[in-house]
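Please look over the model below with the following notes beside it.

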Amino acid sequence: MSEKELSQGEQKILAARTAIDTLINEKKIFSGMKIGLGTGSTAMPAVQRLAERIKDGTLKDIKAVATSFQTTIACEDLQIPVFSMNAKQICGGLDLAIDGADEVSPEKNLIKGGGAALLLEKIVAYNAKQFVIVADSSKTVPSIGTKFPLPVEIIPEARVSVIREIEKLGAACTLRQGVKKAGPVITDNGNLILDILWQTPPDPVEMEKALNRITGVVENGFFTQNKPIVFVAQPDATVKRL
Ligand code: 5RP
């Protein structure tokens, strides 16, 4: 008799908890570390598991950097000490960062920013010695940029000029709208989000740089540097490591 398949939500929890426990067992997460904590429904169970391993005494003196208000609040509620990247205790560098992703390509290029937290997520990810992604099986795709729209954080005053320049790069733009709030999404940094989509797959490495050269773009959700370890939970309750 075949076992029931895990739902997407169950896979998120499995990937997150497995990643934290595996990395502790492998001594890649240990006491005294500076850890960046991501945003979203897969990152949250990782934060929860980290808190449990602090509480059970496995981990001591962990210093966390949160990538959003969501994560800051979770850390406060779970009593994980949280610092700014600029705090003396962090000095702009992390030992490890763990986060979710919207899409993961075979080359381990990512789309992130579904939760509009891409700016701090990238600052944290690109300043960590080891980057870790936790994901359910729906996130692994053959190529990125044509299915899940790429989030781009922009300065509000540059909305029209940025859209014009992004369209020259062959992508269609949509201004992200708020839910239970009239008007656009305002990021944790007071900016807007454009969700952009190509018809044919772009080169994420080149496009990450090209988008950031547009005046008024703050950051985009292609993550092609600092290649992560990826934990992907499967419907059959196994976890693949990429
Ligand atoms: C937030 C992100 C998230 O990590 C990404 O959207 C994945 O979210 P979830 O784990 O909820 O599917 O980049 O800005």
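1. Strands here are DSSP runs of E with at least two residues, numbered from the N terminus, and two strands pair if DSSP finds at least two bridges between them. The model is predicted, so local features need pLDDT of at least 70 and side-chain atom pairs count only at pLDDT 80 or more, while totals for chains, interfaces and linings use all residues. Residues are numbered from 1 along each chain as its sequence is written, and side-chain values use heavy atoms, with hydrogens and water left out.

2. An open, antiparallel sheet is formed by three strands in the order β5-β6-β12. Because β5 (103-104) and β12 (222-223) are at the edges with a single partner strand each, one side of each lacks a neighbour in the sheet. Two antiparallel bridges join β12 to β6 (residues 110-111), and Leu110 is placed opposite Phe223 in β12.

3. Around the ligand (a heavy atom within 4 Å) there are 17 residues, of which Ser41, Thr42, Asp102, Gly113 and Lys139 come nearest. This shell comprises three nonpolar, eight polar and six charged residues, with Gly counted as polar and Asp, Glu, Lys and Arg as charged.

4. Polar contacts are pairs of N or O atoms within 3.5 Å. Ligand oxygen atoms lie 2.5 Å from a side-chain N or O atom of Thr42, 2.7 Å from a polar side-chain atom of Lys139 and 3.0 Å from one of Glu121.

Conventions:
A polar contact is a pair of N or O atoms within 3.5 Å; within protein, one must be able to donate a hydrogen and the other to accept it, and residues adjacent in sequence count only if both atoms are side-chain atoms. Helices (H or I, at least four residues) and strands (E, at least two) are DSSP runs, numbered from the N terminus.
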